[in-house]
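Colleague: Please take a close look at a single part of this predicted model. I would appreciate a connected account of its backbone and surroundings.

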Amino acid sequence: MGKHNIPLDQKLLNRCEFDPVSGCWNWTGFIKNSGYGSFTARKKGKTVTKTVYRWAYEVFIGPIEEGAIIRHSCDNKLCINPSHLETGTQKDNMQDRLTRTWRPITHCINGHELKSPNLVSVKRKRCKICAYERRDKWYETKGKFQYRKWQNADGSPKKA
Ligand SMILES: [Zn+2]
Ligand SMILES: [Zn+2]
């Protein structure tokens with residue numbers, strides 16, 4: 001198979017790095033000044049460039065509804081792990097930001113203590129209990145994502 005025939009899903013998987021602590025698939029390809037990953041591919045005969053996690057959502061989960069934005073449950077904008085991606089609205093995002101600013105950083109939004117070992121990310125103080133709950137819920141609800149095809153048992157991306 002020639003270089004140009006690599007399927008889109010594999011192109012994405014080959015350009016990310018697994019973080020076993022957070023479970024994030026960190027994009028190692030091109031990153032724009034804004035800090036977001038960017039990716040160019042052919043889509044319906046046209047060359048399309050867009051934010052890499054939007055590609056990831058479309059490839060691994062399904063089409064993005066018009067006007068919807070993609071949010072990261074892990075708060076890591078370079079992550080393309082489909083189980084960390086969810087759709088939302090601009091309003092949700094702003095609400096999130098407000099909540100984050102106003103909450104004391106000792107507990108998560110669900111009242112779990114933000115203290116090691118209950119931290120996915122120490123830097124951002126992300127709650128591990130909530131991350132696991134989100135993941136379980138996600139697997140229940142997102143039957144469309146054939147995670148076995150793209151994800152190894154430890155949650156790392158399956159590379160070609
Ligand atoms: Zn992530
Ligand atoms: Zn929590």
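Modeller: Lys44 counts as exposed because it has 5 C-beta neighbours inside 10 Å, and a residue is exposed if 12 or fewer such atoms lie within that distance. Lys44 is placed in the loop between β3 and β4. Its phi is near 50°, a positive value in a residue other than glycine.

The two strands on either side of this turn form a hairpin, with two residues between them. Strand β3 covers residues 38-43 and strand β4 covers residues 46-51; they run antiparallel and are joined by six bridges. Within this pairing, Arg42 stands opposite Thr47 in β4.

Lys11 belongs to helix α1, which spans residues 8-14. Lys11 is partly exposed because 15 other C-beta atoms lie within 10 Å.

Asp75 has a positive phi of about 65° although it is not a glycine. Asp75 lies in the loop between β5 (69-72) and β6 (85-88). With 18 C-beta neighbours inside 10 Å, Asp75 counts as partly exposed, whereas Lys44, with 5, counts as exposed.

One further backbone feature concerns a peptide bond. The bond from Ser116 to Pro117 is cis, with omega near 10°, and Pro117 is found in the loop between α3 (90-102) and β7 (119-121).

Terms used
Residues numbered from 1 in each chain as written. Chains lettered and ligands numbered in written order. Predicted model: local features only at pLDDT ≥ 70, side-chain atom pairs only at ≥ 80, totals over all residues. Pairing = 2+ DSSP bridges. Helix = DSSP H or I, 4+ residues; strand = E, 2+ residues; numbered from the N terminus. Buried ≥ 20, exposed ≤ 12 C-beta atoms within 10 Å, placed from the backbone.
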